Amino acid sequence: MDNKEYNTLETRDTFNTKLGFILACVGSAVGMGNIWLFPYRVGQFGGAAFLIPYFIFVILIGFTGVIGEMAFGRAMGTGPLGAFKKAMERRGKKHGDLIGLIPVIGSLGIAIGYSVVVGWILRFTVGAITGGLTSAPDSGAYFGMIAGKFGSIGWHFAALILTFIVMVAGISAGIEKINKFMMPAFFGMFLILAIRVLFLPGSSAGYSYLFSPKWELLGDPKTWVFALGQAFFSLSLAGSGTLVYGSYLKKSEDVVNSAVMVSIFDTIAAMLAALVIIPSVFAFNMDPAAGPPLMFITMPEIFKQMPAGRLFASIFFIAVLFAGITSLVNLFEAPIESLQERFKFSRAKAVTTVGIVAAIIGIFIEDGDVLGTWMDVVSIYVIPLGALLAGIMFFWVCGPKFAREQAQLGRQKEIGSWFEPMSRYVFVGLTIIVYIMGIFYGGIG
């Protein structure tokens, strides 16, 4: 089948610059997993010792899965539905688009749940700026007011509106521009916070928690399993968002280099979050293992006790809001692109349709317990399956020759002989492990 068949980018909006594409991918990857889960996992599984398997898996997955999803989307010039369909057609098979529904449904499912959380973040951002957050006598009660059933509908809808305003503008004028602003701002604000936390009395215990290696935990299989899960989900592998962003990438860009940059900046974001949250938690004798409440209860309590707490709370939640919005944009893009490609919806009509679905379903999962169950089901059973199917489609169904050709496009230096075995066996094998272990452990990301 001639590769010209896949070159549909002339009729599609594209990223104008390689930097814009990389920042958009980084924006999709930097989210709650980096901000509250990564710091906790580091301390839980051996401090600096945990970083060894984590970095290993980031390299393995970044050099295979991220490259694969970017190159797959660009090769087919479409999102999961069209890409899976074209991959199956290369083998004379039909109904690949039905398989492609799995990552699209996963992306939409996570986006719907995530939009509720971004609504909470928006509420806390406004509260931090106005002073209501740091003056509230009980942070748990403050959070409880919005985390209950139907407790944050207005903020939830506001988060959706902000997200879809960006998305209606399109790829270059909307998604690329917002990420070019929000991602550098995120890194800058977290760097400011990390420097401030460095001078908090008692913060040294937090650095010890993060960086004192407990080498014996390297012998525990769970350390490696959870490091793999953290790396996998941190890099936003789902067979949807990175794939569809790849479909907007020009043929002249180097996807290998782009994947490396995304992996590096995503890891820097996780480390910055760890350097802000964990030392501050220890400085004020809080619980580093608080999980999701760390964001909405523990950190506000810390800011209340910190000099200039209102200022630093504002910086923190604005940065977190930026991370949430850029992730949400990426998650919603797969279903929006699918409506555009499959049913020829206009951009505005596709965004409106997805927005209505997200708003209606989101109302009924706003309760914290229901939301938790919803997110667990999608993240454990659907998201890894989408990534696995995308890997199989590109590296196996399309074949190693096609995969190499598409990954090589725009790259001056030839990709090494490592590419085929690492992509076909190591990445796909690791993805199967993530899927099985996620079910076994009830979630490892």
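A cavity is a set of points on a 1 Å grid over the protein atoms alone where a 1.4 Å probe fits but cannot get out, and its lining residues have an atom within 4 Å of a point. The structure examined here is a predicted model, in which local features need pLDDT of at least 70 and side-chain atom pairs count only at pLDDT 80 or more, whereas totals for chains, interfaces and linings use all residues. Residues are numbered from 1 along each chain as its sequence is written, and side-chain values use heavy atoms, with hydrogens and water left out.

A search of the whole structure located 2 cavities of 30 Å³ or more, where a volume is the space filled by probe spheres set on grid points joined across faces, edges and corners. The largest cavity, of about 40 Å³, is lined by L193, R196, V197, V276, S280, M299, F303 and M306. Two or more residues of this lining are given by each of the elements α9 (171-198), α13 (255-283) and α14 (293-305); helices here are DSSP runs (H or I, at least four residues), numbered from the N terminus. The largest share, 3 residues, comes from α9. By class, the lining holds 6 nonpolar, 1 polar and 1 charged residues, with Ala, Val, Leu, Ile, Met, Phe, Trp, Tyr, Cys and Pro counted as nonpolar, Asp, Glu, Lys and Arg as charged, and the others, Gly among them, as polar.

Helix α11 is mostly covered, as 10 of its 14 residues are buried (under 20% relative accessible area, with exposed meaning over 50% and partly exposed in between; 1.4 Å probe, protein chains only). The buried residues are T223, V225, F226, A227, L228, G229, Q230, A231, F232 and S234. Their cover includes α1 (18-29), α2 (32-44), α3, α13, α17 and α19 (419-441). At the N-terminal end, D220 caps α11, with a side-chain oxygen 3.0 Å from the backbone nitrogen of K222. Following α11, S236 has a positive phi, near 60°.

In helix α18 (residues 400-408), F402, A403, R404, Q406, A407 and Q408 are buried. The cover of these residues includes α3, α13, α17 and α19. Just after α18, G410 takes a positive phi of about 80°.

Two serines were also examined. S252 is placed in the loop between α12 (241-246) and α13 and, at 53% relative accessibility, counts as exposed. S252 touches R74 and G410, residues up to four places away in sequence not being counted; contact means heavy atoms within 4.5 Å. From C-alpha to C-alpha, S252 and G33 are 32 Å apart in space, and 219 residues separate them in sequence. S115, in helix α5 (residues 96-130), counts as buried at 0% relative accessibility. With residues up to four places away in sequence again left out, S115 touches H156, A159, L160 and L328.

Methods. On a 1 Å grid over the protein atoms alone, a cavity is a set of points where a 1.4 Å probe fits but cannot get out, and a pocket is an open set with protein on both sides within 12 Å along at least five of seven lines; lining residues have an atom within 4 Å of a point. A polar contact is a pair of N or O atoms within 3.5 Å; within protein, one must be able to donate a hydrogen and the other to accept it, and residues adjacent in sequence count only if both atoms are side-chain atoms.
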